[in-house]
Amino acid sequence: MSSMTFRPSFGQAFGQPFSKDSGKRSGKHSGEHSDPDSEDHSSRAFVLDSDLSAQDSPQSGLPTPTQNRWALLVGINRYVDPAFATLNFCVNDVLALEKLLKQLGYTVVCLHDNLDRDDPRFPTRDNIEAELTKLCQSVRKDDLLLVHFACHGVLIDRQPFLITQQTRHINIAKQGLPLAEVESQMRSSAASRLILTLDACHTGAEMGRDVSDPEFIRNAHELAEGFVLIAASTAQQVAQEWRSVRHGVFTYYLLEGLSGKAVRGDRAFVTVNDLQTYVLDNLRRWSIQHKGLIQEPTVRSEGLGDMILADYRSHPIPTPSQDKRQEKFRLLPNRCKPRTAALTSLGIALALGGLRFLGLMQPMELAVYDSLMRLRSSEPDSRLLIVKVTQEDLEAEQQKRSSGEVIGSFSNQTLTELLKKLEEYNPVAIGFDVYREQKIPPKYQELAKRFSTQPNLFTICKGRADSVQMSGIAPPPNVPPERVGFSDFASDPDNVLRRYLLAAQQEPTSPCTSEISFGLALANHYLKSKNWTLNNPITADKGCQDVTFEQGDRRVVFPNFLPYTGGYQGIDVLQTLGCQVLINYRGHLDTDVADTLTLTKMLNDPVDPNHRERIILIGIEHRNTNLDHWHTPFSHSEESQMPGVVVQANMISGILGGVLGDRAPVWVLPQWGEWLWILLWCGVGGGLGWWFRSPRVVAIAIVTVTVGLYVVCWVIFQTSSGWIPYMPCILGVWIAGGIIWWLNLNSSLRSVSDSD
């Protein structure tokens, strides 16, 4: 059934209007329509007691056909005084009447409260009286003047008053607009045809002649004159608002009748009696369809004949299709209850949160994370320098090789020369990111001595992992354990490297015994020179705790990566032993991360003073003999994989930036914060679907939110390294918006079905 609202009658005593709070001033009507499913019970129109005194008829004389038609329309939804409930469709009523009457040749003056308060047609009492006076002065004897009000009304001492926008209920007699004054003003005009409607219909009788007789038409209709007052209902009834068509019930049928549906036979005009009969019949049918709500119009007429209200002989019959915007609104006139929309949005948020918890959204969320990382801008880290072995360097090395001198990509001779050259750069630390577990031949004692005694030279090893059949790789011989770090990475199921192991407990049989990663060892050595201290992240029971650096009262914490962190909802990170953080990549290319030199340039070029006092990383870039290449958020193919030395540089830069404050570590919301964030955006999507009626507007709004939220996520990630949920939120916006818009449509279709 269609939802509806009630408009008050003048049957209430002591000038008390109907209101939404029926128990306050509603009199005996307060209990008549208390259906809890009704969306609104505000009220507006009124009726007149049947014993209102008649005044003198318009001036007599030989009648002539109507020359001009004039109309004054007043619609008021909102009132200054909260005692008068806000109405819904009064402005809709008068705007629709204005359009229709203009098509029928009327000169229309329309006042309503959607206009600015400074507009002379804003419906204050003074503005209404001024416009009515101007119209009454403009009309001539053979003109027709129609005045229509759609607003609240009350009775004061059995005298009806119209409630204007600024009327106060404690001073209605002075601030309200007496209906008698309106009628008197109309009667004082020169017009011989006067019609006053109060959101009302009218009754009448059939004429007993052939309506196609031209003489009859002239005498009974064209020459008719007098005064007609039409009100919405009797003093014992309320006038209804019909939400599914966004009009008062009477005004809706009034519009239909004037649009040609009230035409009788082959006539090309609609008279007062035609309209009265059409509206009355439809109101009775509507009353039966809507739980027997009774609304009987009241009519008082004085004069001769049956006046023509709409003459299609000089103006074509208007069609509803001429108002495309109105048709769009009629397609979806209803909204579901706000509580229904809120509960639906909540249910969708819970469902999406559950799917996320099961890990079904993890691939999508990690893809969004990768896109945010790729869009992030940064500058190379001036604390790092990368020395890379390229394919050209490898070819040059092959010419120097002799039996027993080459281990991996470096000859012992070249490595000795490189470490000696690096002394000129006064490096804070040197990281040798090449596996080299073989013993150094006796002829290279200088190289062996550097590995065993040089305090800033760090090397790598690889831990044993029986679960993946990895036996591990030992560090170079004679290197103290405090200058060895493991180089084990933790790839995700899609083989992309997003997480970094900072610390881990090694298996008892592992050739690599270091519990600190290579990158953390180098970063810690650098930070020691800045008076920072690293607390051991490995607990007494061989578990992991947060990685913490301290400097006096200052403390920087890298929270340990736990299950259900950010978009990681399907990976049990505890299966990957170790203390983990998200890698805060600076970029894909080595030059994006730090200044870079090839091995040949480092050995042959003079020392660049700008490269002094840095962490220098030595690693292999070429792929022919090196498997140390990784898929990252920047990778699109095997060829675009990142060399391990560049990965290490990104990791070290992330640690240094987090501790020294120039680049925050990647952070995520707590679980409860992520749930609230998802619920918020499900609510936004539900609000869009509930508020906007056009599906195209809803789609545009949702697309705008989709793009806007991505921009918000990117800005947060760019400025503070925050990774907040995007995919579950956007799915919530689309799903909640679509479902709630469908609920609105379904509610509208039910209303239309009930009203047919």
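In this predicted model, C461 and C512 are both buried. The two cysteines are joined to each other by a disulfide, with an S to S distance of 1.8 Å. That bond links distant parts of the chain: C461 sits in strand β19 (residues 457-461), while C512 belongs to the loop between β21 (499-503) and α15 (518-528), 51 residues apart.

The structure holds two disulfides, and the other pair to look at is C544 with C579, whose sulfur atoms are 2.2 Å apart. Here the torsion about the S-S bond comes out at about -105°, so this disulfide is left-handed. C544 lies in the loop between β22 (533-535) and β23 (547-551), and C579 in strand β25 (residues 579-582), so the bond ties together parts that are 35 residues apart in sequence. Numbering the bonded cysteines in sequence order, the pairing simply reads 1-2, 3-4.

Then there is C682, a cysteine worth checking for a bonding partner. The closest cysteine sulfur to that of C682 is in C729, and at 7.2 Å it is too far for a bond; a disulfide here would need the sulfur atoms within 2.5 Å. C682 counts as buried too, because its relative accessibility is 0% and the cut-off for burial is under 20%. C336 also falls under that cut-off, with a relative accessible area of 8%, so C336 is buried as well.

Which helices each supply at least two residues of the patch? Those are α20 (695-720) and α21 (727-755). The largest share comes from α20, with five residues. V703 is found in that helix, α20. Its relative accessible area is 40%, so V703 is partly exposed: the value lies between the 20% limit for buried residues and the 50% limit for exposed ones.

Note on methods
Residues numbered from 1 in each chain as written. Predicted model: local features only at pLDDT ≥ 70, side-chain atom pairs only at ≥ 80, totals over all residues. Heavy atoms only, no water. Helix = DSSP H or I, 4+ residues; strand = E, 2+ residues; numbered from the N terminus. Buried < 20%, exposed > 50% of the residue type's maximum accessible area, 1.4 Å probe, protein only.
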